[in-house]
Amino acid sequence: KVSRLYESEAQVPNGSPENWNQSYLNIAILVHVKLQSAFDLLSELKKIEQIMGRNLQKEKWSPRCIDLDILYIEGVQFDTEQLTVPHKELFRRPFAYLPLRDVLPRLEMNEPTWYKKYLISGHSEFNTHVSENHFLPIIVGVINVTSDSFSDGNKYLNKENLLSTT
């Protein structure tokens with residue numbers, strides 16, 4: 001299950017470079033995984049971040065191309081130096097909490113104090129709101145009609161059919 005796409009202002013410390021202050025897009029994705037522990041999941045998420053080009057050596061609050069977090073695991077709660085579940089900043093970060101509520105609307109947790117105001121106004125801290133400028137496609141498909149791209153080895157390619165469909 002995938003949440004709506006949320007847009008929010010950057011959360012940056014005072015004195016940060018001006019180019020760090022940019023809008024961010026956030027979604028939550030509800031997945032079922034078969035791993036031994038939350039730490040195994042965290043390890044896999046870090047691998048995905050690296051594959052997608054995240055530079056783990058950058059400064060803590062600097063912009064990044066991807067940031068994957070574990071927000072919540074059903075029935076699990078712990079706090080270690082490496083990982084806290086639910087996410088330790090979840091209630092202070094509308095850009096994480098709101099997408100989580102989209103995928104788990106009946107989530108049984110205490111609501112943050114700002115949440116009721118958000119339900120009325122549609123905006124919250126960090127100007128977090130459902131994005132009006134960006135969207136997630138419902139269906140994405142690719143139709144490739146070049147003669148060398150068919151997995152059937154061109155078995156069904158017929159120039160007359162190809163010409164009649166263009």
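In helix H1, the buried residues are Ala38, Leu41, Leu42, Leu45 and Glu49. Look down the H1 axis and these buried residues sit within an arc of 100 degrees, so they line one face of the helix. Keep in mind that this is a predicted model.

What lies over that buried set? Strand E3 (78–79) is included in the cover. After H1 comes glycine 53, which has a positive phi, near 100 degrees.

Helix H2 is another story. Nine of its ten residues are buried, so H2 is largely enclosed by the rest of the structure. Pro94, Tyr97 and Arg101 are among them.

| Helix | Residues | Cover of the buried residues includes |
|---|---|---|
| H2 | 94–103 | strand E1 (6–8), strand E2 (24–26), helix H3 (115–121) |

Now for the cores. The largest nonpolar core has 15 residues, and those touching the most other members include Leu98, Leu100, Trp114 and Tyr118. H2 and H3 each supply at least two residues of this core, and the largest share, six residues, comes from H2. Setting aside neighbours within four places in sequence, tyrosine 118 contacts Tyr6, Leu98, His123, Ser124, Thr128 and Val130. There is also a second, separate core of seven residues, including Ala38, Leu41, Ile70 and Leu83.

Notes:
Residues numbered from 1 in each chain as written. Predicted model: local features only at pLDDT ≥ 70, side-chain atom pairs only at ≥ 80, totals over all residues. Heavy atoms only, no water. Buried < 20%, exposed > 50% of the residue type's maximum accessible area, 1.4 Å probe, protein only. Helix = DSSP H or I, 4+ residues; strand = E, 2+ residues; numbered from the N terminus. Arc of directions from axis to C-beta. Contact = heavy atoms within 4.5 Å. Core = buried A, V, L, I, M, F, W, Y, C linked by side-chain atoms within 4.5 Å.
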